[in-house]
Amino acid sequence: MSVELDVFVGNTTIMDEEVYQLWLDGYTVNDAVKVRMEGGVMDECEASKDVLLSDTMDQYRTFQMCERLLHSPAKLANQLLFQIPPHRQIMLIERYYAFDDTFVREVLGKKLSKGTKKDLDDISAKTSVTLKSCRRQFDNFKRVFKVVEELKGPLVENIRQHFLLSDKLARDYAAIVFFANNRFETGKRKLQYLSFQDFAFCAGQLISNWTVGAVDNMVEDMDVDLDKEFLQELKELKILITDKDLLDQHKSLVCTALRGKTKVFIEMEGSFKNLSRGLINIAANISLPLRLYPCRSDRWSAADMKLYLTHYTNSAHILDTFKHQVVWDRYMGVVKSCIFKMYHD
């Protein structure tokens, strides 16, 4: 039985966004055809299954040929092989570098090495993200990391310029690079309720306030490496828990400020020393893999936590023998922001 087709010739590369997403998600050609059939594309186009199969295979080949250009997105605009309108180029790049939050949550903070890549089979099974898609996402993380690792200037801007990503996606990649470089612990059981976006927010706070770029905006790794001088100074904060008189004075000031302002005052008063040790020990050991265990309590509301941390921070300024106010504010500003974010989520 013969099939009649209308054929036209043009120089603009035809790309179906739905098929592109299926390719990115790791579907085989046959599985992609099934999805398209279930979506009713044959009824819309009045095409046979063979035509649909041929079209899907053709588009898959096009995407595969474009992939090497997507590894260096600037090349996509300068090549002559594919005539792709600028708005379509943006779509291709943005979707290629997009990632699944469930996947990135599993690799966040791990070394982007062959060892981690060997675990992708297990991660794929755990997250229900296809292995092909896991590999693409992992390779993208590694590629961005290698390109920006030694560049001077702001991390987000370097990622945005070199990979032509949106500001939001560039900031997400900055978080991934930052955590991979510093090997912060994100897989602990107590942190499982936190999403990637929670960690991305905290990474943004750390980059803006605790890296070398916070004090010098034209050095290598400015937004990747933590400020070593600041890390050393943080150890001085331990006096707030090692000096008994200072610890008692701090507690007294905080409790006086909190009394009558919250229904959980008794719990706050009783847990002051444990919470203070937890907060200060993060500072004392920050150069080790970060264990940012948020101060969560089933009875404390977000408003309670904000009230507590505000007075906890401000009261330290009243302590006569505490001489590390600048470091204290730089430290607690980030800690408060991260905990508030976790509490509100």
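Which exposed residues does the face of α9 turned away from its buried side carry? Asp122, Ala125 and Lys126 are the ones to look for there.

This is a predicted model, in which local features need pLDDT of at least 70 and side-chain atom pairs count only at pLDDT 80 or more, while totals for chains, interfaces and linings use all residues. Residues are numbered from 1 along each chain as its sequence is written, and side-chain values use heavy atoms, with hydrogens and water left out.

View A. Helix α9 spans residues 120–127; helices here are DSSP runs of H or I with at least four residues, numbered from the N terminus. Leu120, Ile123, Ser124 and Thr127 are its buried residues. Buried means under 20% relative accessible area, exposed over 50%, and partly exposed in between, using a 1.4 Å probe and protein chains only. Seen down the axis of α9, the buried residues fall within an arc of 105°, so they line one face of the helix; the arc is that of the directions from the helix axis to the C-beta atoms. Their cover includes α7 (101–107), α8 (114–117) and α10 (131–148), where contact means heavy atoms within 4.5 Å. Just past the end of α9, look for Ser128, with a positive phi of about 65°.

**View B. Arg136, a buried charge in helix α10.** Arg136 sits in helix α10. Arg136 is buried yet has no salt bridge, a salt bridge being a side-chain nitrogen of Lys or Arg within 4 Å of a carboxyl oxygen of Asp or Glu. The nearest side chain of opposite charge belongs to Asp25, 5.0 Å away; Lys and Arg count as positive and Asp and Glu as negative, with His and the chain ends not counted.

**View C. Glu17 and Arg95, a salt bridge between two helices.** The side chains of Glu17 and Arg95 meet at 3.0 Å, N to O. Glu17 lies in helix α1 (residues 17–24) and Arg95 in helix α6 (residues 86–97), so the pair ties together parts that are 78 residues apart in sequence. Glu17 is partly exposed at 32% relative accessibility, and Arg95 is partly exposed at 27%. The model's salt bridges come to 14 in count.

View D. Arg61 and Asp58 form a salt bridge at 3.9 Å, N to O. Both lie in helix α4 (residues 49–70), 3 residues apart, or about one turn of the helix. Arg61 is partly exposed at 43% relative accessible area, as is Asp58 at 40%. Thr62 also lies in helix α4, but Thr62 is buried, with a relative accessible area of 10%. Not counting residues up to four places away in sequence, Thr62 touches Thr13, Met15 and Phe82.

**View E. Lys273 and Asp248, linking α18 to α16.** In this salt bridge, the closest N and O atoms of Lys273 and Asp248 are 3.5 Å apart. The pair links distant parts of the chain, 25 residues apart: Lys273 is in helix α18 (residues 272–284) and Asp248 in helix α16 (residues 244–258). Lys273 is partly exposed at 29% relative accessibility, and Asp248 is partly exposed at 27%.
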